[in-house]
Amino acid sequence: MPDLSAVKAALATQRIETPSWAYGNSGTRFKVFAQPGVPRDPWEKLADAAKVHEFTGVAPKVALHIPWDKVDDYGKLAAFAREHGVALGAINANVFQDDAYMLGSVTNTDPAVRRKAVDHLLECVDIMDATGSRDLKLWFADGTNYPGQDDLRERQDRLAEALRTVYERLGDGQRMLLEYKFFEPAFYATDVPDWGTAYAHCLKLGEKAQVVVDTGHHAPGTNIEFIVATLLREQKLGGFDFNSRFYADDDLMVGAADPFQLFRIMYEVIRGGGFTSDIAFMLDQCHNIEAKIPAIIRSVMNVQEATAKALLVDREALAAAQRGGDVLEANAVLMDAYNTDVRPLLAEVRDEMGLDPDPIAAYRRSGWAEKIVAERVGGQQAGWGA
């Protein structure tokens, strides 16, 4: 059996990055639902994120999305984050919410549109310089809806050219993380539809380019842990966007739809040495109908529980069963770990970290929810419209 003290020590070192946009209003394609107390600017988003870290102890970074989190002085924003006990994390580019990008951004047939998109990506690297952020996270909505709409191969050439331009702008210690999504909003052919396409581009670019696995960006039945294992084996897994899906890219709380899948993913991360590497464990979620901060805390806790169970896998017993061809015993070893109630273990970890064993209850007692509802009156709440 794994050494429980080592498991607890590992859990205490876990770090999960929360997304600024998850603190704002969000919803469906049909309606965004406003909630009282929602942040009105990046400063208030960081204040909320600081509360998540305060009560979980493992969420010290906040990802920004540009231009949703655009400010005049990013150095000042970074200092504000530090004053509140957190730091700025990945910079997420946005080349999908401009009328010019209707037929694509970096893969558009129009050179002026491609230049506009690349200029924005380069602007994001400038922001990384100002904030001290390590990662530039790229997701492209580019694609086509109809056969013959555009040349599929030429779109890949345009994509490669844009990625190369941005890659060459990266500084020391900075990385480009390329995300993929098999469909939506493009319904015929998405330009970066799968991990293989993302991997091929990253492989040609070099060591600073790695793949991001968004757990909601796969077709039903996809074996995501196989993708994780393969990318780890090739040293090309740069990070995760953790969320859940039932039908499409639902961006639900991580672990809500299939906690067993999250456990299997985290086991492969640990098995492949990813838990102690530079892999970025990020949330990417839209909390449409639930209160934002408690939902994010719950997501962090769900990742912690899956990680704890993965750390409890008796790898020696598993390896012995695998070598012996004992199918049932090998599966039983995994299931024994998954079926373990790790909540008492995590409560001990939090207590030893000087935290309340129950982060949700601690947040509710803190009065922060009532405070922000009373103070954040007037102005324009943060959100993505609709």
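Lys137 and Asp241 form a salt bridge in which the closest N and O atoms lie 3.0 Å apart. Lys137 belongs to strand S6 (residues 135-138) and Asp241 to strand S11 (residues 237-242), so this pair ties together parts that are 104 residues apart in sequence. Lys137 counts as buried, at 3% relative accessibility. Asp241 is likewise buried, because its relative accessible area is 0% and the limit for that class is under 20%. The model described here is a predicted one.

In general, side chains of opposite charge can pair when their charged atoms come close. The structure holds 26 salt bridges, and the pair between S6 and S11 is one of them. Among the others are two that involve helix H4 (residues 111-131).

In the second, Asp126 and Arg169 meet through their side chains at 2.7 Å, N to O. Asp126 is part of helix H4 and Arg169 of helix H5, so the bridge ties together parts that are 43 residues apart in sequence. Asp126 is partly exposed at 42% relative accessibility, as is Arg169 at 29%.

| Salt bridge | N to O distance | Location |
|---|---|---|
| Lys137 and Asp241 | 3.0 Å | strand S6 and strand S11 |
| Asp126 and Arg169 | 2.7 Å | helix H4 and helix H5 |

**Helices H5 and H6**

Helix H5, which contributes Arg169 to the bridge with Asp126, spans residues 152-169. The axis of H5 comes within 10 Å of that of helix H6 (residues 195-205), and the two cross at roughly 45 degrees. The helices are therefore oblique to each other, and their crossing is right-handed. On the H5 side, the contact is made by Gln156, Leu159, Ala160, Leu163, Arg164 and Tyr167. On the H6 side, Thr197, His201, Lys204 and Leu205 take part. Sorted by class, this contact has five nonpolar, three polar and two charged residues.

Note on methods: Residues numbered from 1 in each chain as written. Predicted model: local features only at pLDDT ≥ 70, side-chain atom pairs only at ≥ 80, totals over all residues. Heavy atoms only, no water. Axes fitted to C-alpha atoms, helices over the stretch in contact; angles between N-to-C directions. Helix = DSSP H or I, 4+ residues; strand = E, 2+ residues; numbered from the N terminus. Parallel < 35°, antiparallel > 145°, perpendicular 65-115°, else oblique. Left-handed = near helix turned anticlockwise from the far one by under 90°. Contact = heavy atoms within 4.5 Å. Nonpolar A, V, L, I, M, F, W, Y, C, P; charged D, E, K, R; others polar. Salt bridge = Lys/Arg side-chain N within 4 Å of Asp/Glu carboxyl O. Buried < 20%, exposed > 50% of the residue type's maximum accessible area, 1.4 Å probe, protein only.
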